[in-house]
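Dear colleague,

Please find below the structure I am handing over to you, together with its sequence. My notes on what was found in it follow directly after.

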Amino acid sequence: MNQMETLYKSNFKTGAYDFYEQQRLHNPIFPMSDTRPPHSWLITKYDHVKELLKSTSFIKDQSKLFSSSNGETENVNLNIFENMMLDVDPPDHTRLRKLVQPYFNPKTIKQLEPRISQIADDLLIQMKEKSSPVDLIDDFAFPLPIIVISELLGVPSEDRDKFRKWSHTIVAASDNMTADFTEDVQAFTSYLTQLFEQKRACPEEDLISRLLQNEEDGEQLNRDELYSMVVLLIIAGHETTVNLIGNTMFALFEHPNQLKKVKENPALIPGAVEEGLRYYSPVDFSTARWADEDMDFHGKTIQRGDFVLASISSANRDEEKFDHADQFDVSRRRNAHVAFGYGIHFCLGAPLARLEGSIALEKLLNSFPDIHIDLDAEPPEWRPVFLLRGLNSLPVALKKPV
Ligand code: HEM
């Protein structure tokens with residue numbers, strides 16, 4: 001089994017934190033491939049991760065490094081991934097980010113608070129009325145962020161199960177391309193083409209209508225970038241926040257003394273959200289970067305064209321940065337985690353995710369003070385997705401056991 005396969009082992013999520021600890025101690029710049037160049041490296045220490053994410057010597061655009069691409073760029077559907085702001089460097093990155101940044105500033109996002117609370121309340125009522133067992137992921141943690149991002153963009157939220165399928169396929173492609181991949185990407189782009197036509201005919205007060213205007217103006221956004229932007233916002237807008245809500249509740253269930261503290265003192269909720277982000281980071285790894293030059297990186301020779309990945313989860317459990325890093329502590333001080341990344345690609349949606357996470361926890365614990373893991377159900381399992389950490393399902397009981 002080579003080094004990369006070790007990382008892909010099906011039970012990797014369960015043993016990941018032990019693996020990271022070993023790498024931080026013995027092999028912090030971990031070679032994921034040991035054959036011919038270009039090499040692949042996994043960076044596991046907090047300080048190194050921040051340095052990597054900030055450095056201009058590591059870039060996103062492979063085409064600057066490799067003279068001919070693999071031909072996939074001919075495929076209009078795969079162009080989606082090459083024009084995302086997350087996958088490009090300045091000046092394109094700066095231009096794309098500037099277009100949407102105003103809609104995700106903390107001040108603008110704060111105005112969504114009443115609507116997010118309303119959506120959470122509606123979901124909680126449906127949970128209460130359910131006759132079948134409640135799954136915190138399917139019944140709450142998934143619908144909340146997808147409804148919010150859909151409304152912000154102007155996408156019908158009734159279609160959310162389609163996005164869920166398409167997003168899952170796209171995110172899983174970081175592990176292995178499934179047969180569904182091309183089909184689902186095609187379905188996603190065709191869906192958006194229709195939606196864009198409707199919105200061009202009848203623009204509304206939503207982000208997609210504004211982006212379409214930008215595209216028509218022609219200078220700020222081209223057609224491929226428009227598709228990429230919407231796909232990125234839909235995927236990033238919910239694949240991650242569902243995990244924030246699910247993982248933080250799971251960590252609280254695993255640590256009853258911390259759950260008790262939060263219930264007794266709701267002022268601790270924002271701290272619990274930050275600790276959830278650090279302890280079970282919803283995004284396990286940064287997206288890919290490539291070395292733009294030969295360099296020595298903390299004792300390892302990294303060559304131009306090498307592939308480099310930051311382990312966000314490992315950085316967030318680094319004992320050199322966090323006291324008792326493996327303890328879940330909702331009152332933790334100086335919690336400077338890197339769950340939202342660092343540098344120019346720092347998460348655009350961080351204020352939204354934080355707000356959704358706080359509202360979700362507050363509403364859940366307020367409505368169901370006795371909520372606990374359903375002990376009669378199968379134990380929760382991590383989704384076997386390389387890039388993310390999130391539970392497949394989280395069966396809960398809402399009332400005290402009798
Ligand atoms: C708990 C929830 C979230 C987590 C943990 C998270 C995490 C991250 C991380 C780690 C990055 C940087 C990746 C890298 O540098 O390789 C990132 C970027 C990004 N995130 Fe999030 N994210 C969350 C929620 C959201 C939401 C709600 C949105 C919705 C709009 C969003 C939109 C984005 C975008 C657009 C980028 C790319 C920014 C850029 O390239 O400048 N994220 N996120």
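I begin with Asn335, which, apart from neighbours within four places in sequence, is in contact with Glu274, Glu275, Arg278 and Phe322. Please bear in mind throughout that this is a predicted model. Asn335 is found in the loop between H16 and H17. Its relative accessibility is 17%, under the 20% limit, so Asn335 counts as buried. A polar contact of 3.2 Å joins the side chain of Asn335 to the side chain of Glu275.

The loop between H16 and H17 also holds His337. With a relative accessible area of 11%, His337 is buried. Its side chain makes a polar contact with the side chain of Glu274 at 2.7 Å, and a polar atom of the His337 side chain lies 3.1 Å from the backbone nitrogen of Ala339. Leaving aside neighbours within four places in sequence, the residues in contact with His337 are Glu274, Leu277, Arg278, Asn316, Phe322 and Arg354.

Which residue of the protein donates to the iron atom of the ligand? The only protein donor is Cys347, through SG, at 2.3 Å. Cys347 has its place in the loop between helix H16 (312-315) and H17.

Helix H6 (residues 113-129) has 17 residues and reaches 25 Å from its first C-alpha to its last, close to the 24 Å expected at 1.5 Å a residue. Its buried residues are Ile116, Ser117, Ile119, Ala120, Leu123, Leu124 and Met127. Seen down the axis of H6, these buried residues fall within an arc of 160°, and therefore line one face of the helix. The face turned away from the buried side carries the exposed residues Pro114, Lys128 and Glu129. The packing partners of the buried residues of H6 are strand S4 (134-135), helix H7 (136-141), helix H8 (143-153) and helix H17 (350-367).

In helix H14 (residues 256-264), the buried residues are Gln258, Leu259 and Val262. They cover an arc of only 100° around the axis, so they lie on the same side of H14. On the other side of H14, the exposed residues are Pro256, Asn257, Lys260 and Glu264. The buried residues of H14 pack against helix H13 (241-254), helix H15 (269-279) and H17.

Finally, Asp370 lies in the loop between H17 and strand S9 (372-373). Asp370 is partly exposed, with a relative accessible area of 33%. Not counting residues up to four places away in sequence, Asp370 touches Ala397, Leu398, Lys399 and Lys400. The C-alpha atoms of Asp370 and Glu197 are separated by 48 Å, and the two residues are 173 residues apart along the chain.

With kind regards

Notes:
Residues numbered from 1 in each chain as written. Predicted model: local features only at pLDDT ≥ 70, side-chain atom pairs only at ≥ 80, totals over all residues. Heavy atoms only, no water. Helix = DSSP H or I, 4+ residues; strand = E, 2+ residues; numbered from the N terminus. Expected span 1.5 Å × (residues − 1). Buried < 20%, exposed > 50% of the residue type's maximum accessible area, 1.4 Å probe, protein only. Arc of directions from axis to C-beta. Contact = heavy atoms within 4.5 Å. Donors = N, O, S within 2.8 Å, 3.2 Å for Na, K, Ca; no water. Polar contact = N/O pair within 3.5 Å; in protein donor to acceptor, adjacent residues only side chain to side chain.
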